[in-house]
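Biologist: I would like to learn how to read a structure like this one, feature by feature. Please give the general idea each time, and then the case at hand.

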Amino acid sequence: MAIVGLAATACQTSSPREGDLLFHVVEQGNAITDVTPGMIDHVAIVVSGDSVIEAVGQGVKMTPLDSLRHQAGQYLVGRVKGVDVQQSIAHARRYLGRAYDKLYLSENEDIYCSELVQFSFVNKQGERLFAPIPMSFHDASGRITDYWTQFYAQHHMDVPEGQPGTNPGELSKRPNVKIVGPLR
């Protein structure tokens with residue numbers, strides 16, 4: 001719930017700029033927020049004043065920005081320091097049409113929302129801005145949750161705990177991301 005307090009401290013709502021990140025804050029927890037920081041379960045990349053690129057169940061696609069404003073919960077605008085906006089958006093566009101990675105694995109061709117950001121965002125030298133972190137499927141007590149144990153068992157896999165990856169809640173807390181306020 002710490003992220004909700006962060007939203008409340010922002011002085012005003014924000015209009016997103018190209019290259020900003022939009023973090024979806026949910027009101028009630030879910031399988032993702034149960035094992036990651038804050039109440040953030042999704043991230044999208046602003047590519048223009050009226051659209052975003054995001055990785056969702058239908059794959060990596062362009063979405064009208066206005067449609068995000070009508071979803072449950074709220075979006076927070078995150079501004080990334082040191083980003084080459086044009087190069088990063090060009091990288092994100094290369095993933096359009098790619099299938100959604102419902103298994104959250106880094107070694108396949110499919111892609112999930114925060115992985116899209118991780119793979120796309122670069123600085124002026126073309127270096128990635130977001131290094132991978134160890135994936136977390138455990139709760140605050142350190143126990144892998146029943147949801148993820150059962151989810152991966154259905155796919156005949158071990159839970160990829162500790163494998164390299166990313167998640168939207170953790171991205172929102174990176175030192176080079178500043179939450180500038182709720183989406184206006």
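Biologist: Which residues of H3 are buried?

Modeller: A residue is called buried under 20% relative accessible area, exposed over 50%, and partly exposed in between, with a 1.4 Å probe and protein chains only. Helices (H or I, at least four residues) and strands (E, at least two) are DSSP runs, numbered from the N terminus. In H3, the buried residues are Ser88, Ile89, His91 and Ala92. Viewed down the axis of H3, these buried residues fall within an arc of 155 degrees, so they line one face of the helix. The arc is taken from the directions that lead from the helix axis to the C-beta atoms.

Modeller: A note on the source: this is a predicted model, in which local features need pLDDT of at least 70 and side-chain atom pairs count only at pLDDT 80 or more, while totals for chains, interfaces and linings use all residues. Residues are numbered from 1 along each chain as its sequence is written, and side-chain values use heavy atoms, with hydrogens and water left out.

Biologist: Which exposed residues does the face of H3 turned away from its buried side carry?

Modeller: That face carries Gln86 and Arg94, both exposed. On the buried side, the cover over the buried residues of H3 includes S2, S3 and H4. Contact here means heavy atoms within 4.5 Å.

Biologist: How does valine 85 count, by its relative accessibility?

Modeller: Valine 85 has its place in helix H3. Its relative accessibility is 21%, so valine 85 counts as partly exposed. Apart from neighbours within four places in sequence, valine 85 is in contact with Glu18 and Gly19. For a sense of distance, valine 85 and threonine 149 lie 64 residues apart in sequence and 38 Å apart in space, C-alpha to C-alpha.

Biologist: Now the sheet. What is the order of the strands in the open sheet?

Modeller: Two strands pair if DSSP finds at least two bridges between them. Here six strands form an open sheet in the order S4-S3-S2-S1-S5-S8, with antiparallel pairing. Strand S4 (59–64) and S8 stand at the edges with a single partner strand each, so one side of each has no neighbour in the sheet. Direction ignored, neighbouring strands of this sheet are turned by 35 degrees against each other on average.

Biologist: Which strands does helix H3 touch where it packs on the sheet?

Modeller: Angles run from 0 to 180 degrees between N-to-C directions, and axes are lines fitted to C-alpha atoms, for helices over the stretch in contact. H3 (residues 85–94) touches S2, S3 and S4, and its direction makes about 110 degrees with that of S2. Helix H4 (residues 113–120) packs on the sheet as well, touching S1, S2, S3 and S4, at about 45 degrees to the direction of S2.

Biologist: How many residues of strand S2 are buried?

Modeller: S2 (residues 40–48) is mostly covered, with nine of its nine residues buried. Strand S1 (residues 21–25) is joined to S2 by five bridges, and the two run antiparallel. Across that pair, histidine 24 has histidine 42 as its bridge partner, and valine 25 stands opposite isoleucine 40. S2 is also joined to S3 (residues 51–56), by three antiparallel bridges. There isoleucine 45 is partnered by isoleucine 53. The link from S2 to S3 is a hairpin through two residues.

Biologist: And strand S8: how many of its residues are buried?

Modeller: In S8 (residues 177–182), five of the six residues are buried. Five bridges join S8 to strand S5 (residues 74–80), and these two run antiparallel. Arginine 79 has lysine 178 in S8 as its bridge partner.

Biologist: Which residues of helix H5 are buried?

Modeller: In H5 (residues 146–154) they are Trp148, Phe151 and Tyr152. Down the axis of H5, they fall within an arc of 90 degrees, so they line one face of the helix. The face turned away from the buried side carries the exposed residues Gln150 and Gln154. After H5 comes histidine 156, with a positive phi near 55 degrees.

Biologist: How many helices and strands does the protein have?

Modeller: It has six helices and eight strands. Of its 184 residues, 52% count as buried.
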